[in-house]
Amino acid sequence: MPAQASAADTVAGPSVVVGTYPDYTMAQQAVDHLSDNKFPVQRTQIVGTDLRLVETVLGRLTTGRAAVAGAASGAWFGLFIGLLFGLFSDSGWFGVIVTTVLVGAIWGAVFGAIAHAATGGRRDFTSRSSLQAAQYAVLADAEVADEARHLLVSLNWRASGAE
């Protein structure tokens, strides 16, 4: 059963920035430091600001590559269907799986090639999109913000090598 949150554990009121960091890992380390020092971390948030969408181009997309990608996804779908058929088959389940994988791969390749050809040359590349933030802010409820700032100053003091 999930734990029930008490009234003291819930976020109460406005949040204020207690630290800003250039990357997510450093913001995580800050919240981890707060947790290590018994700070009520359920009253904090990590917020990425100045978001931007970055699309990384991975390569050229040809009809052949589209067919190969379609064959791969069709083979996976064929494997799934073959496993379902194999569950209810009395004998020869391995043959059923092999057949459905092959048929799925063939149809996937055909549909992949047709879908790519139908684009008429638009978007002839593959890419991966990601959201990136320029900086990350650690926020805490206003009631506990001073305590969080004090703990984060001690973390930065220690990280700087000061004694």
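Modeller: Contact here means heavy atoms within 4.5 Å. The model is predicted.

Start with Ala113, a residue of helix α3, which covers residues 93-118. Leaving aside residues up to four places away in sequence, Ala113 touches Thr63, Ala66 and Ala67. Ala113 also lies 8.8 Å from Thr62, C-alpha to C-alpha, although 51 residues separate the two in sequence.

Helix α2 takes up residues 63-87. At 1.5 Å a residue, its 25 residues should span 36 Å, and its end C-alpha atoms are 36 Å apart, so the two values agree. Buried residues of α2 include Ala66, Ala67, Gly70, Ala71, Gly74 and Ala75, as well as Gly78, Gly82 and Gly86. An α-helix has 3.6 residues a turn, so residues three or four places apart point the same way. The buried residues of α2 pack against α3.

Helix α3 also holds an aromatic pair, Trp107 and Phe111. Because these two are four residues apart in the helix, about one helical turn separates them.

Now the sheet. It is open and has three strands in the order β1-β3-β2, with antiparallel pairing. Strands β1 (15-21) and β2 (44-60) are at the edges with a single partner strand each, so one side of each has no neighbour in the sheet. From one strand to the next, the twist averages 35°. Strands β1 and β3 are joined by six bridges; Val16 has Ala140 of β3 as its bridge partner. Helix α1 (residues 24-36) packs on this sheet and touches β1, β2 and β3, its direction making about 150° with that of β2.

Strand β3 spans residues 125-141 and includes Asp141. Asp141 is buried, because its relative accessible area is 0% and the cut-off for buried is under 20%. Its side chain makes a polar contact of 2.8 Å with the side chain of Arg43.

The structure has three aromatic pairs. In one of them, the ring centres of Tyr24 and Tyr136 are 5.5 Å apart and the planes stand at 65°, so the pair is edge-to-face. This pair links distant parts of the chain, since Tyr24 is in helix α1 and Tyr136 is in strand β3, 112 residues apart. Tyr24 is partly exposed at 39% relative accessible area, whereas Tyr136 is buried at 17%. The pair of Trp107 and Phe111 is stacked, at 5.6 Å centre to centre and 25° between the planes.

Notes. Residues numbered from 1 in each chain as written. Predicted model: local features only at pLDDT ≥ 70, side-chain atom pairs only at ≥ 80, totals over all residues. Heavy atoms only, no water. Buried < 20%, exposed > 50% of the residue type's maximum accessible area, 1.4 Å probe, protein only. Polar contact = N/O pair within 3.5 Å; in protein donor to acceptor, adjacent residues only side chain to side chain. Expected span 1.5 Å × (residues − 1). Pairing = 2+ DSSP bridges. Axes fitted to C-alpha atoms, helices over the stretch in contact; angles between N-to-C directions. Phe/Tyr/Trp six-rings, centres within 6.5 Å; stacked < 30°, edge-to-face > 60°.
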